[in-house]
Amino acid sequence: MKSIPFVDLKAGFAPIRAEVLRAIEETLTGMNLNIGPNCQALEQEFAAYCGTEYAVGVGSGTEALQFALLAAGVKGGDEVITSPHTFFATAEAIACIGAVPVFVEIDPKTYTIEPQVIERKMTSKTAAIIPVHMYGQCADMAPIIAIAQRREIAVIEDSCQAHGALYKGKKSGSIGNAGCFSFYFTKNLGAYGEGGIVTTNDAQIAGKVRLYRNHGHTSKYEHAVIGHNGRLDEIQAAILRIRLKLLDDYNRLRRERAAAYHELLKGLPIVLPAEAEAGQHVFHLYVIRCKDRDGLKDYLTNRGIGTGIHYRKPVHLQKAVAHLGYRMGDIPIVEQACEEILSLPMYPELSLDDLACIAEAIRAFYTKQGTA
Ligand SMILES: Cc1ncc(COP(=O)(O)O)c(C=O)c1O
């Protein structure tokens, strides 16, 4: 039996191997490793890609969120509204700067924050909103920006899963006050290690992120603020420059694979991912909803097909934030989604034959159950 992995990093590396190894060698020959030429060039190239004035490379998506929040003026004790249907790092970044995450419900179709409920959760302490562009699709940004402008608070986009996604023709990361990206190696634009970047049109935010990522360094021996060691690694930047040139192709191949799944999985008792009219999804993950989720997952595992769950337990119910006092039942749409979601293999190199085998196995599972 042939196994089909959930992601295949080796398949992504093979066609760019020579170029990547050459770039690593050149970087090590130059030994200009501290925010060196590749980091600076990537910042310009990524800003141009996103259509923003600035991009500032940092050590991870988590640091991008922390530094963007700080740069936007969020401070200890402030509240930041976000979705609990996300990777834990979104809330962690808020908590790490001493602010308080406030969790609100999602739209069940797109899994992104529900703008209608944001204002009800706002208090005099609310300082920012972090919409998470979940699975590769932008949140409904127009009403979120309208609320933020009315209340004079910041919008920090969590674009960690949405490199190249569009909302009303604008790139993810170019809509709010700042956009935060992760270059974790499985992302649509992934490094071969850790990395992240903050995009913004605001010169002050860009300047502050530059300070926070580098110990508050203003000049040799001068430190203006308490910052971090949060720089983007120069070797990763060199690799990312190669992969950035391919990002639109990668995203096109992901969208083609999503369309193929959509065709082959029609008519089964599962809910397929929906693409909101205002945007263009880049399918970082292809997430279906199904009743006997764990049964289907086991069935596929036994047939050598890798799957994932993003995520099994919502952030508001995690032990690490128990002190915030959320209980099961508080955010029901998120809680139900966590019971039903299953991420299928999705990567640009996934062959259409393999994809057809995956769809066939899912059909067989439901036929056996008598529900297909
Ligand atoms: C939605 C979201 N936010 C934040 C992060 C954190 O990024 P990193 O792992 O690069 O710190 C991730 C990464 O998995 C993510 O998916």
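Okay, a quick definition to start: helices here are DSSP runs of H or I with at least four residues, numbered from the N terminus. What you're looking at is a predicted model, where local features need pLDDT of at least 70, side-chain atom pairs count only at pLDDT 80 or more, and totals for chains, interfaces and linings use all residues. Residues are numbered from 1 along each chain as its sequence is written, and side-chain values use heavy atoms, with hydrogens and water left out.

Let's begin with G304. You'll find G304 in the loop that runs between helix 11 (293–302) and helix 12 (332–340). So is G304 buried or exposed? G304 counts as buried because its relative accessibility is 19%, and buried means under 20% relative accessible area with a 1.4 Å probe, protein chains only. Neighbours within four places in sequence aside, G304 is in contact (heavy atoms within 4.5 Å) with M1, K2, S3 and I4. And P5 is 299 residues away along the chain, yet its C-alpha atom is 7.7 Å from that of G304.

Then the polar contacts, meaning pairs of N or O atoms within 3.5 Å. The T62 side chain has an N or O atom 2.4 Å from a ligand oxygen. For D158, a polar side-chain atom sits 2.8 Å from a ligand nitrogen, and for Q161 one is 3.0 Å from a ligand oxygen.

Conventions
Helix = DSSP H or I, 4+ residues; strand = E, 2+ residues; numbered from the N terminus. Buried < 20%, exposed > 50% of the residue type's maximum accessible area, 1.4 Å probe, protein only. Polar contact = N/O pair within 3.5 Å; in protein donor to acceptor, adjacent residues only side chain to side chain.
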